[in-house]
Every structure is written in C-alpha cells, then in structure tokens.
Amino acid sequence: MWLALCTVFPTLWSVIYGFNEQDLPAVSGQPNGDRFKIEGRAVVPGIRAQDWISSARVLVEGEEHVGFFRTDGSFTVNDVPFGSYVLEIVSPAYKFEPVRVDITSKGKMRARMVNYIKTSEVIRLPYPLQLRSSGSPSYFLKRETWGWTDFLMNPMVMMMVLPLLIIVLLPKVVNTNDPEMRREMEQSMNMLNPNHELPDVSEFMTKLFSSKSSGKSGSSSKTGKSGPMKRR
Amino acid sequence: MDVLARFLVLLSAVLALAAAVFEDQVGKFDWRRQYVGKVQFAYFDTQTQASKKLLVATDQNVIASINSRTGELLWRQLDKSGSEGYIDATLFHGQDAVVVSGNGRFLRSWETNIGGLNWEMVLDTGSFQFATFIGVQDTVKYVAVLKETAISLHYLSNGHQKWVENLPDSETVTYQLVYSGGNGIVYVLGLTTRSHLTIIAYNLEDGEILSQVLVQCPWIVSLHSNCAIVGEGNLVCADSETRSLYTLALETGRTLTQVTMQSLDLSLEEGFQPHIIATQPNPALNAHAQFFLQLGPHHYSLLQLQQDIISPVRDFQQTLLVTFATTGDKTVAVVVSSKNQTAYNINLFSADSGRRLLDTLTTVNLTPGEGPLVKAYVHAFLKKDDSVGYRVLLQTEDDSLIFVQQPGKILWTREEALADVVSMEMVDLPLTGTQAELEGEFGKKAAIQDGLLGMVFKRLSSQLILLQAWISHLWKMFYDARKPRSQVKNEVTIETLARDEFNLQKMMVMVTASGKLFGMESSSGTILWKHYLPGIHRTASLKLVVQRTTAHFPHPPQCTLLIKNKESGLTTLHVFNPIFGRKSHIVPPVLSRPVLQSLLLPIMDQDYAKVLLLIDDEYKVTAFPSSKNVLQQLQAIASSIFFCLVDAEQGKLSGFRLHKDLTTEQIWEVVIPTEVQKISVVKGKKANEHVHSQGRVMGDRSVLYKYLNPNLLAVVTESVDTHQERSFVGIYLIDGVTGRIIHEAVQRKARGPIYVVHSENWVVYEYWNTKSRRNEFSVLELYEGTEQYNSTAFSSLDRPQPPQVLQQSYIFPSPISMLEATITEKGITSRHLLVGLPSGAILSLPKMFLDPRRPEVPSEQSREENLIPYAPELPIRSEWFINYNQSVSRVKGIYTAPSGLESTCLVVAYGLDIYQTRVFPSKQFDVLKDDYDYVLISSVLLGLVFATMITKRLAQVKLLNRAWR
C-alpha cells in the first residue's frame with residue numbers, strides 16, 4: 001500500500017527515446033521472437049582478468065539469462081528476447097554496480113542506472129557496457145579494539161584523573177609552610193565562608209549519611225537474625 | 001534538529017543489531033562444501049604422469065576443473081539451471097573444452113586453465129543429436145554439431161561457422177552419428193527405425209554432398225549404443241534378434257555384411273541388448289580397430305575388425321565395466337571386475353593383443369555404504385620405463401567419485417550426491433558413554449536388583465568416573481591451549497560423538513535425490529555415515545521425519561524416511577538410526593495405497609517414539625508405530641485431530657477430522673478455481689517454534705496482542721494469465737481446522753516465483769512486480785487487538801473476532817532464490833530473515849525492516865517502540881551476508897535449527913553447495929564474546945588486589961606511627 005504512494009511513474013522518457021513501455025513483455029521466452037545479445041566488458045582495477053573471471057558470472061534478472069566472461073574480461077549474454085533487464089556481475093571478491101539494459105523489439109539497446117523507486121528515470125550509461133569494480137565488498141565488522149589512548153580520553157576517566165592531579169599537585173606547587181602564604185589562604189577561606197555559625201554542608205551530609213547507614217546495617221542484621229527464627 | 005539526531009542514533013543502533021561476521025571468526029564455526037553434481041563427462045588433461053587437471057561436466061549444468069591429486073575444485077562455472085542450460089556434449093582437446101548446451105543452443109569453448117570462455121556461439125534452434133571434433137591432416141580443426149535437421153561445422157579456434165547444411169529427408173530419417181577419419185570427408189549417419197540406414201558423405205571444405213547411400217536394415221533401432229565406427233571407417237552394429245554383427249565400410253559399402261555371433265564363439269545372453277564400445281583416440285585419425293561387445297550385464301568380449309573380418313581377441317567374463325584408454329600411441333583396455341561386495345579389481349590389457357599388462361592390477365576397497373560402480377574414467381600415462389601407468393576415476397550409482405591410484409590407494413572421494421540434497425533434519429548428538437552410564441544407573445530395574453548399599457556404591461563409582469572424565473577434559477584443554485589454533489584438530493569420529501555443553505554440534509541427516517543418506521557432524525562437516533538406498537528414482541519425493549530424538553536414553557533415536565514413487569504413488573518407509581545410519585529393526589507398515597499426507601503427532605508410544613499418521617488416497621489413516629498403547633491414546637484425542645489436504649491441481653483445500661476408529665470425515669472444503677489461479681505455495685508454521693511474548697508493547701504503554709493461531713495456513717496463488725497487466729498474486733490465510741478464511745488479499749500486477757515465510761503472527765512473501773519490474777517483499781501481521789480473547793489456550797473453534805491484519809510492502813533490490821526465518825530455543829531473540837540471493841550470498845535481514853507498523857512519519861510513540869520510519873527500499877549490505885565470500889550456489893533450501901543457546905541459531909544452506917554456520921540475530925548476549933579480553937580483566941583485578949594489599953599495609957604503618965606519636 002505504502003509503496004504506491006512513494007513511487008511516481010512518469011512516462012515522458014519513453015516518447016523521447018522512442019521506447020515504448022508496452023513493447024516490453026513481462027514474460028520473456030517467446031521461442032519465435034528475435035533474440036538479442038547484451039555485450040560489455042568488466043574491469044577490476046589492478047587485477048588481471050584471468051585472476052578473477054573464473055569465479056564471476058553475469059546474471060540477467062536473477063538467473064534468467066547467464067553470461068560468462070571471456071579471458072579478456074569481456075562478456076556477451078546471448079539469446080535474450082526484447083525487454084528490460086537488470087544485469088548484474090556477481091563475484092564473491094569484487095563489487096559491481098548493477099545496470100538496467102533495455103532492448104526494444106527492433107533490437108535497439110540502451111543501458112541506464114538501476115533505480116527501483118523511480119523505475120522510469122533514465123540516467124544513461126554507455127553501451128556496450130563498461131563496468132568497473134568499486135573494490136571488494138566489506139563483509140566483516142571491525143572489532144572494537146582497546147587501547148590506552150581510548151581509555152585515557154574517556155570523559156569519565158578525565159573527570160576522575162584531573163581533580164586527582166589537582167589535589168595531589170596543588171599543595172606541592174604552593175608552599176604551605178610559608179606563614180605568610182598560610183595567612184593569606186586562611187583569609188581567603190574566611191572570605192569564602194563568612195558565616196561561622198552556619199554548619200558546613202559537607203560535614204552535615206557526612207554525618208547524616210553515616211548515621212543512616214549505621215542504622216540500616218543495624219536493621220539488616222536484625223532481620224538477618226530474625227529470618228531463621230521465623231523459619232523455625 | 002534534536003529529533004532528527006535522536007532518530008539517527010536510533011537507526012544506527014538498530015543497524016548495529018544486525019548479525020554480522022567478524023574477520024577473526026572466519027572458518028571458526030562455519031564451513032562450506034562445494035559440489036558439481038552427477039558427472040556426465042570427464043576428461044583428464046594431458047596424458048602425462050604429472051598432470052593434475054580433471055575436467056568434468058555434470059547434470060547440474062556445471063563445468064568444472066578438479067585437481068586430481070586432492071579432489072578440490074580449481075574452478076567451476078554454472079550455467080542456467082534446468083533444461084536451458086543442460087550440457088548435451090563435451091569435447092576436450094588441448095587446453096580447450098568445447099561444450100554444447102541447452103539442447104544444442106549454445107556452443108562454447110572454455111579455456112581450461114583459468115576457467116574463462118574462449119568463445120561462445122549461438123546455434124540455430126533444433127534438437128541436438130551429436131557433436132564431435134573433425135580433424136584434418138593430423139590436427140583437430142573443427143567441431144561438427146549434428147542437429148535434427150542440419151549439420152554445422154565450426155572452427156575450433158574462434159567458433160565461426162565454416163558451413164551449415166540441411167540434412168535431406170530429415171522428417172523421416174533420424175540422424176545420430178557424425179564421423180570423420182581425418183581424410184577430408186564427413187560422414188553423417190541416420191536411420192529410419194526398422195527400415196534403412198542413410199549414410200551421407202560431405203566434403204569437409206565446402207559442405208557439398210559427395211554421396212548419399214541407403215542401406216536396408218529392417219532390424220535397426222538406434223545407432224548410439226548398438227552401433228559404432230571401428231577401424232578405417234567401418235560401421236559395426238549388433239542385433240539381438242538375429243544374434244549377429246553387421247559391418248559396413250562407410251566409403252565403399254552398399255550392403256551390410258552379416259556375421260553371426262555363433263561363428264565367433266560368442267553367446268549373447270537372453271533378452272540382452274548388445275552394446276558396442278569403440279574408441280577413436282585422435283579425431284584426426286581413424287578409429288581403433290578393436291572394440292568391446294557387451295554380451296550380458298557382466299560379460300564383455302574384445303573383438304577386432306581387420307580387413308573386413310571380425311575376430312575375437314579376448315573374452316571377459318564376470319566383468320563390471322570396460323573402457324579404453326590411450327596414451328601416446330598405446331591403447332589399453334581397462335577392465336573392472338568385482339572381487340566381493342565392496343572390493344573391485346582393475347586390470348589393464350593391451351588392446352591390440354588382448355594380453356594382460358604386468359603390474360597393472362589395482363584392488364580398490366570401497367567403504368561400505370557406496371552404491372555399485374557405473375562408470376570408470378581412466379587416466380593412462382607412460383611411465384619413465386615406457387610402461388603404461390594409470391589412475392582411475394570411479395563413479396558409483398549414487399554419484400560419488402572415487403579417484404584411485406596404483407596400487408589401490410584411494411586419493412580422494414567426492415560425494416557428489418550432496419549436490420542434490422532434497423531434505424534434511426538436525427538431530428541432537430547422543431550422550432557420552434559416561435553420561436549414559438549415569439543415566440542408566442537410575443533405571444528402575446537396577447534399583448530393584450541392587451538394594452540400598454549397592455546403589456550407594458554405584459553412585460560413588462559413577463561420580464568417580466565423572467571426575468576422571470572432567471580431569472582428562474581439563475588436561476586436554478590445557479594441552480591444546482599451548483598449541484596454535486591451526487594445529488588443534490578435533491577429529492570427529494563416530495566414537496567420539498558427544499553433545500557439547502550448549503548443544504551447538506548436531507548431527508545433520510541429509511537425504512539426497514540419488515537415494516543416498518548422509519550423517520554429517522554439523523560443526524566440521526565430516527561425513528560420519530552414509531547409507532545408499534538402491535532403487536529410488538530421482539523424481540521420487542522424499543520426506544524425513546524425526547520420530548524419536550536422542551533425549552530418550554536408552555532408546556535409540558529414530559528417523560523415518562518416506563519415499564513416494566512418482567509414477568505409482570506408492571510410499572515405502574525406511575526407518576533408521578540418525579546417529580549411526582543403521583537401519584532399524586522396527587518393521588514399518590506396508591502401505592498398499594498411495595499416501596497423500598503424513599502427520600507427526602506430539603503423542604508418543606511407550607518407547608517415546610512420536611506417532612506418524614499416514615493418510616492414503618481413500619482417506620484412511622495408518623498409524624506408525626501402531627501399538628495398542630498408541631491406538632488407545634489416539635482414540636482418546638481423536639476428536640482434536642484435524643488435518644488438511646491440498647490438491648494444487650484441482651485447486652482444492654479440504655479439511656478432515658479423525659474418528660475414534662481411525663476413519664476420517666471431511667468437514668470443509670475451499671475451492672480456488674483453477675481457470676483463474678493456481679495454488680503455488682501452502683505454508684504452515686514450524687512445529688518446534690516458540691513464541692516468547694504474546695504481544696507488543698506500544699508507545700502508549702498498551703499491549704497489542706498477537707494473533708497466534710498454530711493452525712493457520714498461508715496459501716499463495718498465482719494467476720493463470722501471465723500478461724503483465726492482468727497477472728496477480730493472491731494470498732489467503734486459512735484456518736486449517738475450521739477452513740475459515742481469516743484474510744485474503746490480491747496483489748495486482750504481480751507474478752511469481754513466490755517465496756513465503758510463515759511464522760509467529762506474520763507472513764512474509766516475495767513476488768515480482770510486473771509493472772515496475774522489480775522484486776517486492778510484502779509482510780502481513782495479525783493482531784488480536786489490545787484485548788486478548790483467551791490468554792490461556794488457543795482454539796480455532798472459538799474465535800468470535802477476526803484478527804486485525806496489517807500489511808506493508810517494500811522493494812527488494814535483487815531477485816532471490818530462497819527465503820527462511822531464523823529460529824531460536826525460546827523465541828526471545830529477535831528474528832531475522834535469511835534470504836538466499838542468486839549471487840550465492842545469504843543475507844540476514846532483520847525482521848524489524850519488515851514490520852507493517854513502520855510509520856511514514858515518525859512520531860514520539862513510534863520512536864519509543866523502536867520502529868524504523870518507512871522507506872520503500874530494503875537495504876542490502878554486504879556486512880549482512882552471513883557467508884561473507886563463501887557463496888553458496890543455487891540455494892535450494894535453508895534449514896534453521898535452534899541450539900541450546902538462546903542467542904544462537906544454526907543455519908544450513910544447501911543447493912549445489914552446502915554451507916553451515918551459526919547466526920546471532922541479537923548478538924551473543926548469553927555468552928562471553930569471542931574477543932572478551934581475559935588478560936585485561938584479570939590484570940585489572942590483580943592490580944586492584946595488589947593495590948588494596950599495599951594500601952592496607954601503608955595504612956597500618958601510618959596508624960602505628962600515629963599511635964607512637
């Protein structure tokens with residue numbers, strides 16, 4: 001249902017190029033009709049043809065028509081009736097882009113990019129086909145590797161390490177034994193904490209938590225003791 | 001912006017979920033075996049001892065080169081499957097293999113070193129008869145292709161046609177043979193059955209008819225096996241009625257010369273059609289003057305024709321196979337005779353004199369489980385001392401290839417029957433001996449016999465045995481860990497078979513079209529047993545059923561193979577043990593009527609064998625096993641047994657119920673008119689499937705309950721009219737018990753081939769969209785709604801509300817060859833679809849992408865549900881190929897089985913190749929990952945322990961110092 005909404009079917013191109021959609025049969029295989037051949041050449045950059053062609057094939061519309069490579073990397077798919085086909089080179093080691101080939105009932109050939117969504121969009125490609133491998137397909141996922149830099153650059157680690165450095169190094173940088181300095185610091189502390197009556201927040205918190213946890217541990221031990229009692 | 005970003009994060013999280021392979025996992029738990037099929041033609045490369053190349057063409061339309069030392073494939077090329085790619089003839093010369101395929105449609109020349117084409121020619125239509133090389137002046141220059149109505153000559157170097165001539169009187173004459181002795185004349189031989197023989201001589205240069213001779217011979221039936229060309233262009237025919245041989249010189253003869261077999265001291269066995277086996281080692285030269293005449297199934301005679309006189313050379317009694325082999329200028333006759341059931345003797349005889357050659361006896365001992373020999377291909381070569389050495393490729397009735405070297409050493413064996421697997425099952429491996437002993441200890445009988453003290457003693461001793469086994473296991477692990485992984489080879493034999501802790505290793509029972517059964521260990525692919533069932537026709541339909549698993553020790557596991565003969569429709573049963581392959585002593589019932597349907601019921605007999613119900617064409621039911629216990633159980637639950645029969649030819653689905661007396665009654669029928677559409681696929685659900693969650697939690701925290709009807713059938717029909725505007729695909733969801741059509745839908749402008757997967761509450765099917773010329777997936781999901789009608793049990797008879805059906809379609813950017821879904825132990829793991837592509841890749845597509853609730857516009861709620869926004873095209877990513885570059889050609893089936901680990905699903909893809917792997921649809925969430933860093937975690941732990949110890953010590957010192965102060 002959704003599909004129909006997403007696809008558009010302009011039929012303009014067919015007029016321009018002299019192709020007629022209606023000419024193209026859905027079912028190929030009329031024994032008496034003319035048969036055509038699709039020709040082309042495939043190249044894997046940097047690799048000699050004879051090193052890869054033995055494991056490669058040319059498939060037209062699945063396995064409806066099959067073509068094989070010649071020793072120089074060229075291929076011909078014979079015995080193809082008119083119609084529109086997606087031609088694909090399958091090779092486990094190299095990746096090729098599929099191509100759509102249109103053949104009219106008069107044997108006029110045209111190659112274009114495959115676009116399954118806008119099926120009638122025409123971006124022409126050269127014919128006879130010139131296919132170039134875009135390299136090897138990536139079959140594998142990368143393992144997450146572990147390195148010291150990853151560990152150190154982790155924000156959590158940074159947050160922990162930097163304050164630690166400050167705590168450890170700062171007293172060493174600032175000489176605390178100097179009485180003048182100490183006085184200065186005390187002054188600044190007093191400025192920061194002007195009201196002596198108010199209890200220190202951190203102190204308060206530690207008191208609060210320590211009392212709570214002790215209470216908790218007490219209660220837990222109690223229940224621990226009462227457990228077996230009940231069971232009995 | 002924020003919304004978009006969140007969506008992207010979500011999408012990437014989803015994509016990361018998909019199963020994929022890490023590079024270091026290659027070959028760790030997956031393996032592939034490549035096959036070529038039943039060999040039709042085999043040729044050895046150059047006639048030297050060092051030659052390694054073996055060229056084969058098979059019935060699977062494959063041409064391949066095999067390394068004759070190791071049996072591995074050097075290269076392999078696959079033509080179209082079916083009759084369009086069928087290899088009619090193969091000729092081999094130098095480095096070129098000339099192949100005629102597709103009933104004489106294509107003429108191809110292959111460069112056999114690299115596996116590429118030299119040239120390819122399209123021939124005119126016409127049914128293919130014969131092909132041969134034609135030589136002139138000692139060199140092979142042309143290929144002649146004989147068709148029903150024409151003969152054409154092509155240059156061997158580039159395939160161009162030299163000439164083509166129509167054959168005279170081709171309506172009445174069947175032309176079958178072409179012969180040329182290298183003298184510039186091409187003879188074409190044809191016959192009119194039981195009337196006369198036509199011999200036409202063509203000029204090699206221009207195709208002009210030089211002469212045309214009609215020879216009367218009212219007994220002639222076929223030229224292929226009864227006749228052959230021998231010596232300097234002499235036709236020799238054998239006739240069983242007159243018990244005589246006929247000869248005719250092609251060049252000069254006008255009438256056949258008759259020689260009775262009696263005059264040659266030959267006795268033809270009663271009712272046997274004699275065969276003539278001749279050889280023409282070099283197509284540019286004359287054929288050999290010696291030939292074999294087969295007089296009976298195991299009786300051959302070597303004869304020679306010299307100066308138009310036939311004389312016997314040597315008689316071979318009790319001989320299985322004969323063939324000629326040539327090396328240099330020496331031609332030898334190779335004779336294979338059987339020594340006993342599994343051993344064969346191979347001898348070489350000089351073709352000229354009939355003398356046995358010294359030191360050429362080879363005795364081959366085949367492993368039990370092979371079929372009888374049907375063919376021998378001989379690679380003869382001259383040794384340094386000028387004597388003839390040889391290697392033999394033996395082919396058995398079950399398609400296996402055995403390569404033998406003198407003196408009787410089997411270099412390799414290829415089980416080519418596995419190229420055509422029709423059915424398979426996976427069976428859990430049995431317990432080890434010690435585990436089995438433990439199980440046996442608590443048997444009821446033992447307890448009564450031994451008493452209390454005995455039992456205690458037994459318990460202790462068995463615990464001791466277990467401890468011993470555990471220690472030896474640990475020792476082995478420690479020992480193996482020190483060796484590099486490549487050296488550790490766990491040889492799997494039938495003795496060491498044992499279930500592993502996660503039940504990842506299983507026994508794969510494979511049934512092949514040739515009638516050979518195999519038992520393979522799933523983690524390594526080792527064939528542990530094979531069993532050949534002779535007399536199974538290749539068209540027979542075979543169904544494998546596991547009746548008893550290995551879980552019921554001490555009862556052995558039991559599998560039953562149903563073999564249905566296509567012509568007679570009669571079914572026979574073969575009951576065997578899937579672990580050892582041995583035939584069971586249980587006598588299966590004899591079925592006198594054709595069986596329509598088989599049902600495996602969940603009820604078990606007293607020996608824990610599941611009951612198999614067989615329904616014959618009179619709708620009578622036979623139970624197997626049919627003990628009293630079973631019949632009682634059947635009577636008790638008969639009212640709840642229903643079954644459904646599908647007659648695709650008449651477009652009829654009918655439902656039946658079982659009565660207590662094992663008769664049946666039809667209760668419903670659905671007719672799909674065959675004039676408009678035909679049933680192409682009917683799919684139920686897998687019996688061993690578990691569904692973990694009953695519903696889906698939606699974004700608003702309500703639950704959408706799944707419609708989980710175990711009796712639901714998905715029926716897919718295709719229109720009879722295949723015009724692209726009018727063709728359609730129909731899908732019906734039918735309840736198999738009541739016959740109620742739950743849902744029906746029609747997909748217009750669509751046609752097959754259709755692939756369907758039906759599981760849980762969803763059906764996924766794939767079809768071809770004729771309008772847009774692309775493949776599309778469609779998914780149907782069924783929901784009960786937000787309220788569940790009956791949460792405890794499902795009954796087809798009590799369902800007042802029809803389910804809600806959701807559907808969505810997607811474009812799939814490739815044709816497909818197979819579709820299957822993963823399955824896991826408890827169904828918690830998310831599902832993936834396994835899609836076999838024509839390229840040989842198997843794509844693991846997350847079911848998440850095929851969810852009809854994928855929204856067009858993502859909303860807050862859909863994001864919370866992890867729904868991927870709708871996109872018309874499904875992605876194909878090479879990371880999702882579970883078989884990376886190990887492509888599996890012509891996938892015919894994908895078998896999925898759960899393992900003991902919830903995260904892991906075992907997958908076997910079979911077709912021409914067999915590929916086994918494990919997939920983890922939701923990653924390995926229940927075991928530590930392969931790359932789990934034991935070193936890091938242990939070093940961190942150790943570091944922490946040391947740190948605590950040191951700090952403790954420091955703290956103590958500090959306290960002490962403070963106390964002193």
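## Where a strand of A meets a strand of B

A:L141 sits opposite B:F22, a residue of strand 1 of chain B. The two strands involved are strand 10 of chain A and strand 1 (residues 21-22) of chain B, which pair in the parallel sense over two bridges. Strands here are DSSP runs of E with at least two residues, helices are runs of H or I with at least four, and both are numbered from the N terminus. Two strands count as paired if DSSP finds at least two bridges between them. As a reminder, strands of a sheet pair through backbone hydrogen bonds, either parallel or antiparallel.

This is a predicted model, in which local features need pLDDT of at least 70 and side-chain atom pairs count only at pLDDT 80 or more, while totals for chains, interfaces and linings use all residues. Residues are numbered from 1 along each chain as its sequence is written, chains are lettered from A and ligands numbered from 1 in the order in which they are written, and side-chain values use heavy atoms, with hydrogens and water left out.

## The A/B interface

Chain A puts 48 residues into the contact and chain B puts in 59, where contact means heavy atoms within 4.5 Å. About 5100 Å² is buried between the two chains, with carbon and sulfur atoms giving 57% of that. Buried area is the accessible area (1.4 Å probe) that two parts lose on being put together, summed over both.

The count of residue pairs in polar contact between chain A and chain B is 13, both residues being at pLDDT 80 or more. A polar contact is a pair of N or O atoms within 3.5 Å; within protein, one must be able to donate a hydrogen and the other to accept it, and residues adjacent in sequence count only if both atoms are side-chain atoms. On chain A, the elements that each supply at least two residues to the side touching chain B include helix 1 (2-6), strand 4 (74-80) and strand 5 (83-90).

## Salt bridges

Two salt bridges cross the interface of chain A and chain B, and the count over all chains is 41. The rule asks for a side-chain nitrogen of Lys or Arg within 4 Å of a carboxyl oxygen of Asp or Glu. B:R105 and A:D79 meet in a salt bridge at 2.4 Å, N to O. B:R105 lies in the loop between strand 8 (96-101) and strand 9 (106-111) of chain B, and A:D79 is in strand 4 of chain A. B:R890 also forms a salt bridge, with A:E63, where the closest N and O atoms are 3.9 Å apart.

## Two open sheets in chain B

One open sheet has four strands in the order 15-16-17-18, paired antiparallel. Its edge strands are strand 15 (174-179) and strand 18 (209-216), each pairing on one side only. Strand 17 (residues 196-203) and strand 18 share seven bridges, and B:H196 has B:Q216 as its bridge partner.

Another open sheet runs 45-46-47, again with antiparallel pairing. Strand 45 and strand 46 (residues 652-658) are joined by six bridges, and B:F642 is partnered with B:R657.

The peptide bond from B:Q406 to B:P407 is cis, with omega near -10°; B:P407 is in the loop between strand 33 (400-405) and strand 34 (409-415) of chain B. The bond from B:F624 to B:P625 is cis too, with omega near -5°.

Over in chain A, A:E61 has a positive phi of about 55° although it is not a glycine. A:E61 sits in the loop between strand 2 and strand 3.
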